[in-house]
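Work through the exercises below with the model open beside you. Try each task before reading its solution.

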Amino acid sequence: MRADLALVGFGNVGRRFARLIEERRDWLSLDYDLECRIVGIATRHHGAVFRDAGLDAVGLAVQMEAGHPIVESGTEAADGLDVIRRLADGDAPVKVLIETTTLDIKAGQPAIDHVRAALQSGCHAVTANKGPAAFAFEELSALAADRDRSFLFEGAVMDGVPIFNLVRETLPAVQITGFRGVVNSTTNHILSALEDGEGFDAALERMQAAGIAEADPSLDVDGWDAAAKVSALANVFMRARTTPLAVEREGIGPATARLAMAAKARGARVRLVASARTTPDGVVTSVRPVELPETDLLAGLRGMANALVLETDLLGEIAICQMSGSLTQTAYALLSDLLTIRRRQAPPPHTVSR
């Protein structure tokens, strides 16, 4: 079965996904009877292209990494929405938007418009952007159901760790009553460094130099990234109908160093904890530094380690941990969602055991 893909957003994650598709091409064909073609790519600053017969996405990734526009003769497209329109007009049995634009913490745009346009035009939508689930989950889920299409976003929280798949596929009839976790790698790196006696500014600069924190790291250190993840999780698991703007939020700063060192001296640890809980007045969400006893699972997370503890009505607490994060893991989340879409189609004629 052929699947045509349009990549809207072609940053680090999008380019790693394009390479991963090539690396796993034989595997996808043998195990899933799936032939993937990347037919469209749209970027913010390097142009947009579309070709019905497929693009050399890896070659375009190399071209973009060299600082050049992504140009192929006769393939120019106007923008991401134009690429989505052209994808929808194609004849592939499966048509999928892969959306990896940058998070807009104020309104979740333009990712929401991209996902909406794809679903309205009959395409499936996969995104690693937190915005659509954090700001518009109910709308987009209803639209996907109405059009008999998939709206998936496994890469929005904890990279490729199957948080949303875990609940959707393996916890039927279980109610999620709350959760708490460490879900931002940059702040966890910094807090680990503060515990080791490093200054806040030095720790942050090291994270930026390593490419973990952005040049403008305010989304991380001010807690906005974690707030977006809390909103997405609460909307999906607890029908919260919230947004990142409604999350009680406190980030970390130079003063956190004193808190971290004092906690360590008492045999405790400070972590930026993202949480949600069900109350008689609705779902309450927060992101804030919390002092935790050393015996707490979250207290033991260092560096890029993340974890989420789900509180359930039937199974008690369920924890899932990620000991490190990378572009490959986030790109894998996109691939995982793509294969979920494939499994929802007619089953492949055979599979190969590995």
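Two residues are in contact when heavy atoms of theirs lie within 4.5 Å. The model is predicted.

**Exercise 1. Helix 8 against helix 12**

Task: Find which residues of helix 8 meet which residues of helix 12, and state how the helices are oriented to each other.

Solution: 
- Step 1. Apply the contact cut-off to the two helices. On the helix 8 side, Leu191, Leu194 and Glu195 take part. On the helix 12 side, their partners are Thr256, Ala257, Ala260, Met261 and Lys264.
- Step 2. Take the axes. Those of helix 8 (residues 185-195) and helix 12 come within 8 Å and cross at roughly 60 degrees.
- Step 3. Classify the angle. Angles of 65 to 115 degrees count as roughly perpendicular, and those under 35 degrees as roughly parallel. Helix 8 and helix 12 are therefore oblique to each other.
- Step 4. Helix 8 and helix 12 cross in a right-handed sense.

**Exercise 2. Helix 6 against helix 11**

Task: Describe the packing of helix 6 and helix 11: what are the angle and the axis distance, and is the crossing left-handed or right-handed?

Solution: 
- Step 1. Helix 6 covers residues 131-146 and helix 11 covers residues 224-238. Their axes are 7 Å apart, at an angle of about 25 degrees.
- Step 2. That angle makes helix 6 roughly parallel to helix 11.
- Step 3. The crossing of helix 6 and helix 11 is left-handed.
- Step 4. List the contact residues. Helix 6 supplies Ala133, Ala134 and Phe137. Helix 11 supplies Ala228, Ser231, Ala232, Asn235 and Val236.

**Exercise 3. Salt bridges**

Task: How many salt bridges does a search of the whole structure find? Then examine the pairs Arg15 and Glu65, and Glu291 and Arg266.

Solution: 
- Step 1. The search gives 25 salt bridges.
- Step 2. Arg15 and Glu65 form a salt bridge, with N to O at 2.9 Å. Arg15 sits in helix 1 (residues 12-23) and Glu65 in helix 3 (residues 57-65), so the bridge ties together parts 50 residues apart in sequence.
- Step 3. Arg15 is buried, at 11% relative accessible area. Glu65 is partly exposed, at 43%.
- Step 4. Glu291 and Arg266 also meet in a salt bridge, N to O at 2.6 Å. Glu291 belongs to strand 10 (residues 282-293), and Arg266 to the loop between helix 12 (256-265) and strand 9 (268-279), so this pair ties together parts that are 25 residues apart in sequence.
- Step 5. Glu291 counts as partly exposed, at 41% relative accessibility. Arg266 is exposed, with 55% relative accessible area.
- Step 6. Look for a network. Salt bridges link Glu195, Asp196, Arg269, Arg271, Glu294 and Arg302.

**Exercise 4. The surroundings of Arg16**

Task: Is Arg16 buried or exposed, and which residues does Arg16 touch beyond four places in sequence?

Solution: 
- Step 1. Arg16 lies in helix 1.
- Step 2. Use the cut-off: buried means under 20% relative accessible area. At 17%, Arg16 is buried.
- Step 3. Collect the contacts. Arg16 touches Glu23, Leu327, Thr328 and Ala331, with residues up to four places away in sequence left out.
- Step 4. Sort the polar ones. With Glu23, Arg16 forms a salt bridge, the closest N and O atoms being 3.1 Å apart. With the side chain of Thr328, the Arg16 side chain makes a polar contact at 2.9 Å.
- Step 5. Glu23 is partly exposed, at 45% relative accessibility.

**Exercise 5. Two threonines**

Task: Where do Thr75 and Thr285 lie, and what do Thr75 and Thr285 touch?

Solution: 
- Step 1. Thr75 is in the loop between helix 3 and helix 4 (80-88). Thr75 is buried, at 1% relative accessible area.
- Step 2. Beyond four places in sequence, Thr75 touches Ala48, Val49, Phe50, Arg51 and Leu55.
- Step 3. Thr285 is in strand 10. Thr285 counts as buried, at 6% relative accessibility.
- Step 4. With neighbours within four places set aside, Thr285 contacts Val230, Ala234, Ala246, Val247, Glu248, Ser275 and Ala276.
- Step 5. Finish with a distance. Thr75 and Leu152 are 77 residues apart in sequence, and their C-alpha atoms are 28 Å apart in space.

Definitions and conventions
Residues numbered from 1 in each chain as written. Predicted model: local features only at pLDDT ≥ 70, side-chain atom pairs only at ≥ 80, totals over all residues. Heavy atoms only, no water. Salt bridge = Lys/Arg side-chain N within 4 Å of Asp/Glu carboxyl O. Helix = DSSP H or I, 4+ residues; strand = E, 2+ residues; numbered from the N terminus. Buried < 20%, exposed > 50% of the residue type's maximum accessible area, 1.4 Å probe, protein only. Polar contact = N/O pair within 3.5 Å; in protein donor to acceptor, adjacent residues only side chain to side chain. Axes fitted to C-alpha atoms, helices over the stretch in contact; angles between N-to-C directions. Parallel < 35°, antiparallel > 145°, perpendicular 65-115°, else oblique. Left-handed = near helix turned anticlockwise from the far one by under 90°.
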